[in-house]
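Biologist: Could you put the model up, so that we can go through it together?

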Amino acid sequence: MKKAIALVLLILVVASLLLAACGGGTTTAPTTATTTSPTSTGTTTTTPTGTTPGQTTTPTGTTPTATTGPKRGGILRGIITAGPAMMSYRGKMGPGDHTYVMPAVEYLVEPYVDEQGNRGWIPFLCESYNIDPVGKTFTYKIRKGVKFHDGSDLNADVVKWNIQQQIDSGWWQDADKVVSIETPDDYTVVIRFSEYSNQYEFNWGWTAIWSKAAWMQATGGDATTTNEKGQAWAVDHVVGTGPFKLKEYKRDASISWVRFENYWQPGKPYLDGLEFSIVTDSTTASLLLQSGNVDAWLQGSAAKDWKELEAKGFKVQSFWPGLPQALFPNTTNPNSKWQDKRLREALEYAIDKSTIANALGLGFYKPMPQIAPSTEWGYIPDLPVRSYNLTKAKQLLAEAGYPNGVKVKLLIQNTPASIDAGQSLKQYLDQAGFKTELDVADAGRYFGSVFGTGWDDLVQMFYGMDVNYLATYMSWFSSDPKSNLASFGRTPEQIAMDKQAVLIPDVAGQKAMTEKLCRYLYEEARLVPLWWVPATTVQFPYVHHEIYRHGFIRWDTENFWMDPH
């Protein structure tokens with residue numbers, strides 16, 4: 001079965017500079033929402049862990065725009081770095097596609113961050129949900145009164161059809177655990193499963209919902225979930241329940257959205273529309289913003305842009321999500337030199353993370369001494385870390401059988417930020433005895449290697465941070481990942497721990513296991529964490545948005561608004 005690509009949505013979002021966007025503003029959660037988490041006897045309300053959701057940097061010499069609350073009206077013009085290749089058939093949605101249809105598409109269960117920074121899941125298109133590990137059921141109570149853009153109703157039959165389509169298309173994670181999908185009434189869906197996993201809240205709760213009626217109209221009345229006419233129609237059509245309807249999509253140029261007047265959250269969205277220009281060149285994007293032709297640069301900006309535009313009076317915003325960067329040796333190939341732990345350890349001792357992070361990030365990036373940031377599950381306060389030590393790196397290299405150094409090839413992406421990082425890493429690695437050749441690849445070859453054919457030697461790559469760190473670990477590093485790093489090997493010890501991890505029902509136990517798993521990966525030097533790139537946007541002070549307040553997998557565009565300007 002094809003793996004779900006839930007967190008690989010980051011790929012195209014950040015492909016131009018390996019950076020993602022986020023923002024800040026005011027969020028109103030659905031009034032009936034409650035957060036649930038499985039326990040040994042059913043579900044209980046839980047308070048998720050987290051950090052302060054965001055911060056705003058006020059440019060020097062600039063007075064922030066006074067606000068009294070969200071204003072109605074206006075069309076937000078923004079810059080993004082790509083658009084969808086497939087809009088509404090999950091089985092053919094490539095990396096990043098669902099990101100760009102978030103104004104139109106919503107999920108049964110969504111990630112949420114409250115004002116105190118607490119994180120977790122909330123019912124969204126369902127009023128509530130219940131995971132029962134003992135009875136082996138996942139039950140959704142579907143929200144009543146929700147309309148799709150075509151006027152059709154959201155109900156249990158539509159939800160069941162969507163789930164079945166995502167199973168049939170090969171997208172749904174853990175589909176082999178589904179025994180049946182039942183609809184005992186018009187607004188209840190029950191999934192019966194054969195084996196419990198604490199990942200169902202993410203893998204099954206986070207399910208996109210499209211209009212079944214629109215699909216059937218496109219297919220001439222055929223509800224078959226894999227109908228070829230439906231798939232062809234879905235390439236450039238999307239009919240969801242979200243706050244905005246698709247207005248026009250010019251591939252590789254722009255995508256625009258118009259307000260959905262029958263949106264289920266009263267009084268929302270605040271904006272009349274969204275107009276996104278697709279711009280990959282950072283110089284062009286910066287000039288567009290400075291000229292006033294766009295209101296916000298939502299994706300693709302880098303630290304130098306943040307510094308320069310902040311000084312010119314623009315608002316720079318960051319939230320808790322970010323992209324940890326790391327070096328991944330090829331540990332899948334049994335004949336790889338990286339099977340020697342001493343060589344993997346030497347890599348980390350050879351790199352001065354703080355110096356590189358400060359040079360590249362201009363104060364915005366943070367060095368990563370271990371796999372998890374200090375705010376996340378998996379962070380271990382007393383973990384002995386491998387700090388920069390050139391002498392130790394050379395010693396380990398010699399002990400591994402390379403007293404005169406060793407040739408290595410480092411795969412990086414052909415973007416300015418990635419090239420700058422690669423050259424900085426090469427300088428330090430060369431000093432330690434790693435004779436480094438930079439293999440600069442375009443986005444197709446780069447991501448094709450990372451998630452497909454594998455890489456020969458070393459790759460500099462980001463990994464995800466979203467929702468909570470057990471879900472992140474399972475998505476990126478486990479033996480059953482969503483985002484399969486093709487040459488990242490898993491040991492028998494790790495596989496055994498993975499199997500234990502998904503069976504733990506309580507939050508405390510999950511957190512402890514996350515720490516155990518991260519400790520194992522770090523102590524075994526399975527990857528070398530480098531630095532953290534914050535998700536950041538730049539905009540005029542009159543713009544209020546929270547594009548990544550809730551993580552990389554939710555844009556709450558219904559809450560975006562602008563002051564009169």
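Predicted model: local features only at pLDDT ≥ 70, side-chain atom pairs only at ≥ 80, totals over all residues.

Biologist: How many helices and strands are in the chain?

Modeller: The chain has 15 helices and 24 strands, taken as DSSP runs (helices H or I, at least four residues; strands E, at least two) numbered from the N terminus.

Biologist: Which residues of α6 are buried?

Modeller: In α6, residues 282-291, they are Ser-282, Ala-285, Ser-286 and Leu-289, where buried means under 20% relative accessible area with a 1.4 Å probe, protein chains only. Because they cover an arc of only 100° around the axis, they sit on the same side of α6, the arc being that of the directions from the helix axis to the C-beta atoms.

Biologist: And what do they pack against?

Modeller: The buried residues of α6 pack against β4 (75-80), β16 (296-297), α7 (303-311) and β22 (528-539).

Biologist: Switching topic, where is Ser-88 found?

Modeller: Ser-88 is in the loop between β4 and β5 (106-107), and it is buried, with a relative accessible area of 3%.

Biologist: What does Ser-88 touch?

Modeller: Leaving out residues up to four places away in sequence, Ser-88 touches Trp-210, Trp-233, Ala-234, His-237 and Val-238, a contact being heavy atoms within 4.5 Å.

How values were computed:
Residues numbered from 1 in each chain as written. Heavy atoms only, no water. Buried < 20%, exposed > 50% of the residue type's maximum accessible area, 1.4 Å probe, protein only.
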